[in-house]
Amino acid sequence: MADATPGTPMLDVSGIDVFYGDVQVLWDLSFTVGRAEIVALIGANGAGKSTTLKTISGILRPRRGRITYDGRALGDVEPHRLVELGLVHVPEARRLFVEMSVEENLELGALRGEARRRRAETKEQVFSLFPRLRERRRQAAGTLSGGEQQMVAIARGLMGLPKLMMFDEPSLGLAPILVQEIFNVVKRIRDEGTTVLLVEQNVRQTLAIADRAYVMETGRVEMQGSGRDLLGDPHVKAAYLGL
Amino acid sequence: MNPAKIEVLLQTLISGLLLGGLYALIGLGMTIIMGVMKIINLAHGELMMVGMYIAYVLFAWLHLDPYLSILVAAPLLFLLGAIIQKYLVNPVLKVDAILPENQVILTVGIGMVLANLATMIFKSDYRTAPVDYATKAWYLSDIWKGSPIELSLSYPWSVSFLFAVVITAGLWFFLSRTDMGKSIRATAQDKDAALLMGVNVERMRMFTFGLGSALVGAAGCLFLPIYYLYPDVGGQFTLTGFVITILGGLGSTFGAIIGGLVLGVFESLTATYVGMGWAPVGRFVVFVLVLVFVPGGVASLLRRRRFGK
Ligand SMILES: Nc1ncnc2c1ncn2[C@@H]1O[C@H](COP(=O)(O)OP(=O)(O)OP(=O)(O)O)[C@@H](O)[C@H]1O
Ligand SMILES: [Mg+2]
């Protein structure tokens, strides 16, 4: 097994083909995420962004290609072991356990290993990051507002003490002021040392905080570059920024 | 109402609640399996029958009290349930071409095999465990000499009921306070999200099928002192569990407890005021009324209160 040295990327996706049944959705997809980077995946609806994240977290299996995380080939790792290895996925549409309390949702984010041992401590930290959740800790997660639910989803992910955190459209459906708050939180998470893979539709704000980004179209990487370069790219401007 | 009528009504309600507590235990097992596996386990009553025969054999050979035999029957049924899940239900679950309906049919087949095995081993004879407290009871007049009405509380029914309450409370604690219990509830609500939390979903399914089977196996031990036993006794209890699971709201444990109590009381009322043989009809009346008027069961009523919809 390769050594987890700082030189190797945190995540290396290499030539994966992914299918739903007989329908191929990802085609020879490759990209990398370096340590402590924010890397963004952007692209139109149906481009395959969520499919990519689901494949990394083992809900789907690639038919070809390989994924290496922190020096480990993920094909050999059972999906439920990934959180323990620090690979955390905050899924599209939040996927909270709506009938359980906010606190129970958070606890489920820290079921194993180091995260389980430090659960109480981490809970205090996420409560100070999202004070609103402390007030609502006993409330059923499904009764929270959309913004609060997104905070729970992020907080639940943080409970796992992630090394790599993948967000699937965390700002979807939120009011502009909350969108900005979510982006600030993502940036802050990276600044505290966690690597971030961010899937987003708010392309302008995403490119503004991303170190690098990949543009996906119909299951392939069409373009890549630094956030700043892509913000200035005429094709990106026309297709994603409405300019 | 004259005292005699009140006496009959109260006695009927008491019997109904005692029966309902035991029903709740049957329904709970089926409900947690439903919650996690998304299938109705139509072998549930037959698993209970297996629990009853285990308790019966232990009583006949070793004169072990049926209540003590829970300690043997529940672990054995846990194993049986886990094996059924892992080697029979799970492989079928993985084949996309097979509709969920067919997995349910598989459980019907498992139930038939269990009933037939019981017939081969024990013949179709009706059996009971003649425990020495079978007819023991407490009477209201013993504690209140001047009571205008007389009520009785059967000893084995009360003890069985208390065991059911204790087991239910234990299950409640397990599901609401332990990581494993929370993981089971999470798996029932959203199995992909549970997987993202690091829950071993496959293992939870096997465990839950085992746990549901252990619960109904324990219920079998509780029924032995108060009921008769024959190889096909399971069918009616499968039906009972099914009605309670629907009544409770397909996967809601609290709903299943309420559903069990409601069904027990309703059957008891039917038996008293319509006629002994009509209790199963009462069960179907409840079933149909619920499907028509509260299709989501008790759980949907609770949810409406909580989520305001
Ligand atoms: N469960 C599924 N079964 C079959 N096809 C699916 C399934 N999920 C997604 N797809 C298809 O795969 C393609 C990629 O979907 P995916 O959800 O990855 O897109 P996305 O880039 O995340 O889009 P969005 O921005 O709308 O979330 C789409 O064409 C979609 O219809
Ligand atoms: Mg998506």
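**A residue pair and its sheet**

Mentor: Within strand β4 of chain A, Arg64(A) is the bridge partner of Asp17(A). The model is a predicted one, in which local features need pLDDT of at least 70 and side-chain atom pairs count only at pLDDT 80 or more, while totals for chains, interfaces and linings use all residues. Residues are numbered from 1 along each chain as its sequence is written, chains are lettered from A and ligands numbered from 1 in the order in which they are written, and side-chain values use heavy atoms, with hydrogens and water left out.

The side chains of this pair also meet: Asp17(A) forms a salt bridge with Arg64(A), with 3.1 Å between the closest N and O atoms (a salt bridge being a side-chain nitrogen of Lys or Arg within 4 Å of a carboxyl oxygen of Asp or Glu). Distant parts of the chain are linked in this way, since Asp17(A) lies in strand β1 of chain A and Arg64(A) in strand β4 of chain A, 47 residues apart. Strands here are DSSP runs of E of at least two residues, and helices are runs of H or I of at least four, numbered from the N terminus. The structure holds 30 salt bridges over all chains.

On one flank, strand β1 (residues 11-20) of chain A pairs with strand β2 (residues 23-33) of chain A in the antiparallel sense over seven bridges, and Leu11(A) has Val33(A) as its bridge partner in β2(A). Two residues lie between the strands of this hairpin, in which Gly21(A) takes a positive phi near 60°. On the other flank, strand β4 (residues 64-69) of chain A is joined to β5(A) by two bridges in the antiparallel sense, with Thr68(A) standing opposite Ala73(A) in β5(A). The hairpin of β4(A) and β5(A) likewise has two residues between its strands, and Asp70(A) in the turn has a positive phi of about 50°.

Salt bridges also take us to the chain boundary, where the rule finds five of them across the interface of chain A and chain B. In one of these, Arg185(B) is paired with Glu104(A), the closest N and O atoms being 3.1 Å apart. Helix α2 (residues 102-108) of chain A gives three residues to the side of chain A that touches chain B, the largest share. By class, that side has 10 nonpolar, six polar and eight charged residues (Ala, Val, Leu, Ile, Met, Phe, Trp, Tyr, Cys and Pro count as nonpolar, Asp, Glu, Lys and Arg as charged, and the others, Gly among them, as polar). In total, 24 residues of chain A are in contact with 20 residues of chain B, contact meaning heavy atoms within 4.5 Å.

Technical notes:
Pairing = 2+ DSSP bridges.
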